[in-house]
Amino acid sequence: MADLRPLATRELASSLNARLEARDFLHLRTPNRGSPSYAAPMTETGHPWGDEPTPFDAIGGEAVIRSIVDDFYDVIDAEAPTLRAMLPANDAVSRDKLYAYLVEWTGGPALYSPERGHPRMRARHLPFTIGPDEVEIWLACMQKSLDANEISGDVRVFLDERIGALAHHMRNV
């Protein structure tokens, strides 16, 4: 069926779609199941993270993400006093929030947004002083956790790029 809208309307719609795709890239959204990826180049397998339909599947699902989160916070507890000072004494809620966020962010079930709404990650982190040192420490802790969980290959490259960009986006000083 032909698009009968005036040319200007079609051009505006096309422009808005392009802006939405760019916004999704800038906000570092990982596609949900079946959605195309806007942010990373395609590989020989058709997805920037490998053969699986989503990064969630490529990582190994909820159990692996839970392990990544727990290892991440354990590394912070043991090696990153600057970050540890930003967390509550009992970090169980922080662990659960990051777990729910990562499950959803990687294309798994929606565990975060039904409970907490839009992530608004930068706004949620504004109360904390996050400079280049904090970003690098946070990334080092996440790298150790990903290493401990043997995340490798295309999905590791994809996660390193996306998580790195997200961490740098949290910087506020």
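**Notebook: a helical chain, entry by entry**

Helices here are DSSP runs of H or I with at least four residues, strands are E runs of at least two, and both are numbered from the N terminus.

A note on what I am looking at. This is a predicted model, where local features need pLDDT of at least 70 and side-chain atom pairs count only at pLDDT 80 or more, while totals for chains, interfaces and linings use all residues. Residues are numbered from 1 along each chain as its sequence is written, and side-chain values use heavy atoms, with hydrogens and water left out.

**Entry 1: the whole chain**

I looked up the secondary structure and found nine helices and zero strands in the protein chain. Along the sequence the pattern reads α-α-α-α-α-α-α-α-α.

I then checked burial (buried is under 20% relative accessible area, exposed over 50%, partly exposed in between, with a 1.4 Å probe and protein chains only). Of the 173 residues in the protein chain, 35% are buried. The accessible surface comes to about 9900 Å², and carbon and sulfur atoms own 56% of that. Those areas come from the Shrake-Rupley method with a 1.4 Å probe, and for residues only the protein chains shown count as cover.

Next came contacts, meaning heavy atoms within 4.5 Å. Taking contacts between residues at least 6 apart in sequence, I see that 64% join residues at least 24 apart.

**Entry 2: helix α5**

I went back to α5, which covers residues 92-105. The expected span of a helix is 1.5 Å times one less than its number of residues. For the 14 residues of α5 that should give 20 Å, and the end C-alpha atoms are 20 Å apart, which agrees.

How many of the residues of α5 are buried? I count 10 of its 14, so α5 is mostly covered. The buried residues are Ser94, Arg95, Leu98, Tyr99, Ala100, Tyr101, Leu102, Val103, Glu104 and Trp105. Their cover includes α2 (55-59), α3 (62-79), α6, α7 and α9.

**Entry 3: α3 against α5**

I took α3 from that list. It packs on α5 at an angle of about 140°, with the axes 9 Å apart. Axes are lines fitted to C-alpha atoms, for helices over the stretch in contact, and angles run from 0 to 180 degrees between N-to-C directions. On the scale used, under 35 degrees is roughly parallel, over 145 roughly antiparallel, 65 to 115 roughly perpendicular and the rest oblique. α3 and α5 are therefore oblique to each other.

The crossing of α3 past α5 is right-handed. (A crossing is right-handed if the near helix is turned clockwise from the far one by less than a right angle, and left-handed if anticlockwise.) On the α3 side I noted residues including Ile65, Val69, Phe72 and Tyr73, which meet a set in α5 including Leu98, Tyr99, Leu102 and Val103.

**Entry 4: α8 and its partners**

Which way does α8 run relative to α9, roughly parallel or roughly antiparallel? The axes of α8 and α9 come within 10 Å and cross at roughly 155°. That makes α8 roughly antiparallel to α9. The crossing is right-handed. Among the α8 residues at this contact are Trp138, Leu139, Met142 and Leu146, and the α9 residues include Leu159, Ile163, Gly164 and Ala167.

Residues of α3 including Ile68, Phe72, Val75 and Ile76 meet residues of α8 including Trp138, Cys141, Met142 and Leu146.

**Entry 5: loops**

I stopped at leucine 111, in the loop between α5 and α6. Leucine 111 is partly exposed, at 30% relative accessibility. Its C-alpha atom is separated by 5.0 Å from that of alanine 100, 11 residues apart along the chain. Not counting residues up to four places away in sequence, leucine 111 touches Glu62, Tyr99, Ala100, Val103 and Glu104.

Arginine 120 has a phi near 40° and sits in the loop between α6 (113-116) and α7 (121-125). Its relative accessible area is 47%, so arginine 120 is partly exposed. Glutamate 150 has a positive phi of about 55°, and lies in the loop between α8 (132-148) and α9 (153-169). Is glutamate 150 buried or exposed? At 69% relative accessibility, I have it down as exposed.
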